[in-house]
Amino acid sequence: MFDHFKITVQSGKGGDGAIAFRHEKSIARGGPYGGNGGRGGSVYIQSSKDVETLANFNFRQHFFATDGENGKTKLCNGKDGKDVFVMVPVGTIITDENGHLVADLDKDGERVLVAKGGRGGRGNACFKSSTRRTPNIAENGAPGSRKILSLELRLLADVGLVGFPNAGKSSLISAMTNAKSLVASYKFSTLEPVLGVCFCNRKTDRFVLADIPGLIEGASQGKGMGYDFLRHILRCRIIAHCIDPTDTEHGSIEESLAAINKEINEYSEEFGRKKHIIVFTKMDLVDDCTEIDAFIRKHEKEYPIFETSCMDEDSLQKLALSLLAVVKEESLNERKNRFLNDEKEVVYSANDFDNGQIPEYQIIQDAEGRYIIQGERVIRTKRLINLSTDEGMDRLIEYLDRIGINERLRELEAEPGATVVLDDFEFEYQP
């Protein structure tokens, strides 16, 4: 199953502002006439119920938005770059290179901005003032951003059927839904998770079942296809342990349940907070119910327990109605918890950090004796300034002086003529 991919996204660079002047015979003192650059295209990832798997990413892993167009003369602004929308299935989790969660798209139509386009640079017409009538200065467009993201699909289901291979999960989902899960007498007949919708009485009374391929001991450490299967169970509201009472390979019923619980709990502690039920399958093949009765007496207060057979429609109907009631209860609890934990969104200003003292830059001295100016903000500002004109150069020098670069270099006892490096720009220090 195609349920995990890495993709590269890159937003577009903003267009550069134009430096132009109006030269028309009939217009006296025409003045600056340069337009602004267009905004670079952004990259969005959006969930859609019409997309079922991540299989399309097997053929394409790179998504680049277009750059904004440069500004033009006659105050014409450049066109904005085109945004890119990457469609993924509902239930896709997005993480960055460091494993931090970017978004969890668990609803249809959810959209997240993963790479914002650079803003367009201002043309020289924007710098006109009462004291600067003919500004020969413009801004460069801001660069776009490039990111490597991981997409992981976790199926959305109300009830996840788990158990050892050949425990009757495929037969159960085939009997309760219209899902076509392979049923066979050999192990690992199901190699991919299968979803099915179970309808109870009315069309509105329904829930989603997921047949999770059989787990084996060591799955939580990646044995077999453990990681590939276990991630899908995390999405399920309810964990239904399917136990085949005729299975003697995995020990007693207690030992079978303990083994499955061990694997899923070692994979994630979140499983312990989910609702668990026990479903005995293949009851039509059981002659002696002594062990089952003893298990029920011991655990009936801990788990809801059901005895089913695909040959007995009454037992399947009872299981379906019971699961529906549990699903509704869990859904209601989720909504209550979401309401209680839904705090007002807080937006932090940059001045809220470091007690309002934001370090715009730092200066370090390298092995060659050069003074390197570092800092995201100072480099970003430098890149916005068009240094191809004298006014642009004056603007950069004025900015560096305003944020205290000269004063800091004096504190570091920099010698006159020392080389100072800012991004890809070098100049000599003159105190």
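Which residues are buried in helix 3? In this predicted model, local features require a pLDDT of at least 70 and side-chain atom pairs count only at pLDDT 80 or more, whereas totals for chains, interfaces and linings use all residues. Residues are numbered from 1 along each chain as its sequence is written, and side-chain values use heavy atoms, with hydrogens and water left out.

In helix 3, the buried residues are Ile253, Ser256, Leu257, Ala259, Ile260, Asn261, Glu263 and Ile264, where buried denotes under 20% relative accessible area, exposed over 50%, and partly exposed in between, with a 1.4 Å probe and protein chains only. This helix comprises 15 residues (residues 253-267), and at 1.5 Å a residue it should span 21 Å, which agrees with the 22 Å that separate its end C-alpha atoms. The expected span is taken as 1.5 Å times one less than the number of residues in the helix.

The secondary structure of the protein as a whole consists of 8 helices and 18 strands, these being DSSP runs numbered from the N terminus (helices H or I, at least four residues; strands E, at least two). Of the 431 residues in the protein, 45% are buried. The accessible surface comes to about 24,300 Å², and carbon and sulfur atoms account for 47% of that surface; the areas come from the Shrake-Rupley method with a 1.4 Å probe, and for residues only the protein chains shown count as cover. Among contacts (heavy atoms within 4.5 Å) between residues at least 6 apart in sequence, 70% join residues at least 24 apart.

A search of the whole structure finds 5 aromatic pairs, one of which is formed by Phe5 and Phe57, a tilted pair with 6.4 Å from centre to centre and 40° between the planes. Rings of Phe, Tyr and Trp (its six-membered ring) are paired if their centres lie within 6.5 Å, and planes under 30 degrees apart count as stacked, over 60 as edge-to-face and the rest as tilted. The pair links distant parts of the chain, with Phe5 in strand 1 (residues 4-10) and Phe57, 52 residues apart from it, in the loop between strand 2 (43-48) and strand 3 (62-64). Phe5 is buried, at a relative accessible area of 12%, and Phe57 is buried as well, at 5%. The rings of Tyr44 and Phe85 are stacked, because their centres are 5.2 Å apart and their planes lie at 10°. Since Tyr44 belongs to strand 2 and Phe85 to strand 4 (residues 84-89), this pair ties together parts that are 41 residues apart in sequence. Phe85 is partly exposed, at 40% relative accessibility. Phe5, Phe57 and Phe63 form one aromatic cluster.

The ring of Tyr44 also has the charged end of Arg111 over it, 5.8 Å from the ring centre; such an arrangement is counted if NZ of Lys or CZ of Arg is within 6 Å of the ring centre and within 35 degrees of the ring normal.

Lys74 is placed in the loop between strand 3 and strand 4 and is exposed, with a relative accessible area of 61%. Asp423, likewise not a glycine, has a positive phi of about 60°; Asp423 lies in the loop between strand 17 (419-422) and strand 18 (425-428) and is partly exposed, at 30% relative accessibility.
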